[in-house]
Amino acid sequence: MGKLIAGNWKMFKGPTETLEFFDGFEAPEGVEVVLCPPFVSLEAAVGEEWPIYAQNVHWATDGAFTGEISAAMLVELGVQGTLVGHSERRLYFGESDETVRLRAEAALAAGLGVIACVGETEAEREAGDTDAVLRRQVAVLPQHEQLVIAYEPVWAIGTGKTATPELAQEAHALIKSLHDTRVLYGGSVKPENAAELLTQPDVDGALVGGASLDAASFSSLCQIAASLS
Ligand code: PGA
């Protein structure tokens, strides 16, 4: 199976910029590509040729949950999956292991793919708690062929600090010993460091933030990934 390269646009790109991105984006055969635009840009993005994932989903089918979006609504739009448990959700919006579990289960039940994010903070790593944190976060994730885990050390997200390939490999091996799934690496992945990360034996792809916003750099990341498969 080829590497999976997912672009997480976070709160960037409305519908107009979304369409501009697709005008300039190309990926070769041999790499699986997913893009995760903000909710309001999903409709524009699903008209393109690539699988589109949301960045979050609520667990209820519908109800009085102001500001939330259900899995059925995403399915109706033609969205194929969703991220859950991104560290920015955990850090700024009160996401817990329990709500990550609820979101993942609801998405899978609706037929969506899931990329579930896990990862330790800098303080947790320095305290020697990386193993325990990953075990706790992975334990709530359902075993399902449509669920992929993204290991994103929080201290490496948007900071330019990438985990060394050895650190990434170590964490991925632990996650795979706990959960039978593909594991993506995330945290400052860019064309310059992609090959050394993606050639680690347990790194099955990447979840890319900043470097997915530019069509040329995301195209080149996809090209690198395809050349390694
Ligand atoms: P980054 O973000 O590539 O900008 O570090 C990764 C992510 O948060 O998914």
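The model is predicted, so local features are reported at pLDDT of at least 70 and side-chain atom pairs at pLDDT 80 or more, while totals for chains, interfaces and linings use all residues. Residues are numbered from 1 along each chain as its sequence is written, and side-chain values use heavy atoms, with hydrogens and water left out.

Eight strands form an open sheet with parallel pairing, in the order β2-β1-β8-β7-β6-β5-β4-β3. At the edges stand β2 (31-36) and β3 (53-54), each with a single partner strand, so one side of each has no neighbour in the sheet. Here strands (E, at least two residues) and helices (H or I, at least four) are DSSP runs numbered from the N terminus, and two strands pair if DSSP finds at least two bridges between them.

Strand β5 (residues 113-118) is largely enclosed by the rest of the structure, because six of its six residues are buried; buried means under 20% relative accessible area, exposed over 50%, and partly exposed in between (1.4 Å probe, protein chains only). G113, I115 and C117 point one way from β5, and V114, A116 and V118 the other way. Four bridges link β5 in parallel to β4 (residues 81-84), with G113 as the bridge partner of G81. Toward β6 (residues 147-151), β5 makes five bridges, again parallel, and V118 stands opposite Y151. In turn, β6 pairs with β7 (residues 183-186) over three parallel bridges, where A150 faces L184.

On the surface, F93 sits in the loop between α4 (87-92) and α5 (97-109) and is exposed, at 55% relative accessible area.

Eleven salt bridges are found in the whole structure, each being a side-chain nitrogen of Lys or Arg within 4 Å of a carboxyl oxygen of Asp or Glu. One of them joins R182 and E32, with the closest N and O atoms 3.0 Å apart. This pair links distant parts of the chain, since R182 lies in the loop between α8 and β7 and E32 in strand β2, 150 residues apart. Both ends are partly exposed, R182 at 22% and E32 at 32%. R125 and E120 also meet in a salt bridge (2.7 Å, N to O); R125 is partly exposed at 25%, whereas E120 is buried at 0%. A further salt bridge brings together D204 and K176 (2.7 Å, N to O). D204 lies in the loop between α9 (191-198) and β8 (205-208) and K176 in helix α8, so the pair ties together parts 28 residues apart in sequence.
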